[in-house]
Amino acid sequence: MAQSNKNAQKRESRAERRAAEAAAIKARAEQAEKERKQQTMIGAIVVAVLVILVAIGAFTVYHNIHKTSDAQDELTVEQAYDKLQEVKNTPTLVDKKGGLLISKNGYGKSVEGAPTIAIYMDFLCPGCGNLHRQLDEDLQKMIDAGQINLDLHFMAFMDRWSTDEYSSRAANAAMYLAEHDSNPEHLISFLEKMYAEDFQPEEGSNYKSVSDAKIKKQMIAAGVSKDVADKAFNREYQDWLDAIDTYTPKRSELWNVSGNYKGSMTTPTVTINGKFWDMNQLSTAKMTTAEGLLEAIGLKADQVGVVGDMPSIGSKKGPISVTTGE
């Protein structure tokens with residue numbers, strides 16, 4: 001009888017473990033699917049805006065947007081790049097393509113042998129918020145340990161989905177912070193606070209105005225001095241951001257390679273050592289973004305932030321597929 005009870009208990013224990021594992025897999029799959037759906041397509045936003053404007057009869061506004069869009073669409077990627085280089089008030093820390101490099105050595109100084117993770121974002125983009133809420137803590141740990149270089153690309157194409165050009169104001173503030181505060185940790189902390197669930201606003205009809213003063217509070221809470229925060233809202237990099245918003249979506253190396261948005265750029269976009277990282281694979285692999293990124297660079301969770309433990313892909317190889325392991 002005692003042996004029978006023990007066997008029953010073992011069966012129950014195995015069943016419980018299987019149930020727990022199944023629940024965990026389901027949760028990861030649901031999270032990955034949620035992330036995929038939250039990706040924001042630049043092209044789709046433009047189309048949606050035009051449809052809405054036509055529907056409400058705003059012909060004049062529609063015409064202006066359509067005319068501007070046509071003029072930008074006529075530019076080749078080379079022409080858009082040239083116009084970006086012509087902007088007079090360009091941030092001094094960014095590279096020719098608009099990337100702001102961060103490593104343990106500071107701004108603009110890469111760690112030799114470490115992979116470079118580039119993130120393309122808009123401060124209003126819900127998918128960007130979800131990505132940063134998962135990654136920022138680990139990114140900071142990996143930067144501190146010299147395990148990665150981080151290349152940030154700020155965009156502001158979602159201004160039309162707020163009532164007060166939130167994306168442009170936030171991106172300008174972030175660039176001013178980088179230009180006038182030499183500690184990159186303050187910038188990453190600022191991103192964490194801007195993308196916090198209780199701060200990042202919703203887009204479109206659900207948008208609620210966010211004042212400069214509220215963004216300023218996030219800057220100061222991130223460790224930025226009041227003097228720098230006070231001066232971060234003159235939008236002095238707006239011409240540069242406008243040029244970035246024209247040029248970046250034309251870069252074919254940033255276009256989705258699978259899924260509904262194949263052949264176009266979405267935010268967030270992530271590249272690893274300059275190679276597009278297909279986050280659509282996360283759903284198939286039943287992984288979260290955080291799990292998938294570590295898999296893609298060849299680093300285990302218990303190695304994050306450990307000095308001397310370097311990602312297996314190094315600084316040259318592209319991301320490891322989370323579905324094939326190659």
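Analyst: Hello! Two strands pair if DSSP finds at least two bridges between them; helices (H or I, at least four residues) and strands (E, at least two) are DSSP runs, numbered from the N terminus. In this predicted model, β4 and strand β7 (residues 269-272) pair in the antiparallel sense over four bridges.

User: Before we go on, what should I know about the values?

Analyst: The model is predicted, so local features need pLDDT of at least 70 and side-chain atom pairs count only at pLDDT 80 or more, while totals for chains, interfaces and linings use all residues. Residues are numbered from 1 along each chain as its sequence is written, and side-chain values use heavy atoms, with hydrogens and water left out.

User: Which residue of β7 stands opposite Ile 119?

Analyst: That is Val 270. On another side of the pairing, β4 is joined by seven bridges to strand β5 (residues 149-155), and these two run parallel. There, Met 121 faces Phe 154 of β5.

User: How many of the residues of strand β4 are buried?

Analyst: Buried means under 20% relative accessible area, exposed over 50%, partly exposed in between (1.4 Å probe, protein chains only). Six of the seven residues of β4 (residues 116-122) are buried, so the strand is largely enclosed by the rest of the structure.

User: And which residues of β7 lie on each side?

Analyst: In a regular strand the side chains alternate between the two faces of the sheet. In β7, Thr 269 and Thr 271 lie on one side, Val 270 and Ile 272 on the other, and all of them are buried, leaving both faces covered.

User: Where is the cis peptide bond?

Analyst: The bond joins Thr 267 and Pro 268, with omega about 0°. Pro 268 sits in the loop between β6 (266-267) and β7.

User: How do I read the packing of two helices, say α5 and α7?

Analyst: We use axes, lines fitted to C-alpha atoms (for helices over the stretch in contact), with angles from 0 to 180 degrees between N-to-C directions. For α5 and α7 the angle is about 165°, and the axes are 9 Å apart. That makes α5 roughly antiparallel to α7 (under 35 degrees counts as roughly parallel, over 145 as roughly antiparallel, 65 to 115 as roughly perpendicular and the rest as oblique).

User: What angle do α7 and α8 make?

Analyst: Helix α7 (residues 184-194) packs on helix α8 (residues 212-221) at about 135°, with axes 8 Å apart. That makes α7 oblique to α8.

User: Is α7 enclosed or open, and how many of its residues are buried?

Analyst: Eight of its 11 residues are buried, so α7 is largely enclosed by the rest of the structure. The buried residues are Pro 184, His 186, Leu 187, Ile 188, Ser 189, Phe 190, Leu 191 and Met 194. Helix α10 (residues 238-247) is another mostly covered helix, with eight of its 10 residues buried, among them Trp 240, Leu 241, Ile 244 and Tyr 247.

User: Which residue caps the N-terminal end of α7?

Analyst: A polar contact is a pair of N or O atoms within 3.5 Å; within protein, one must be able to donate a hydrogen and the other to accept it, and residues adjacent in sequence count only if both atoms are side-chain atoms. The cap is Asn 183, with a side-chain oxygen 3.0 Å from the backbone nitrogen of Glu 185.

User: And what about Asn 280: buried or exposed?

Analyst: Asn 280 is buried, at 16% relative accessible area. This residue is in the loop between β8 (275-276) and α11 (281-285), and a polar atom of its side chain lies 3.0 Å from the backbone oxygen of Ser 258.
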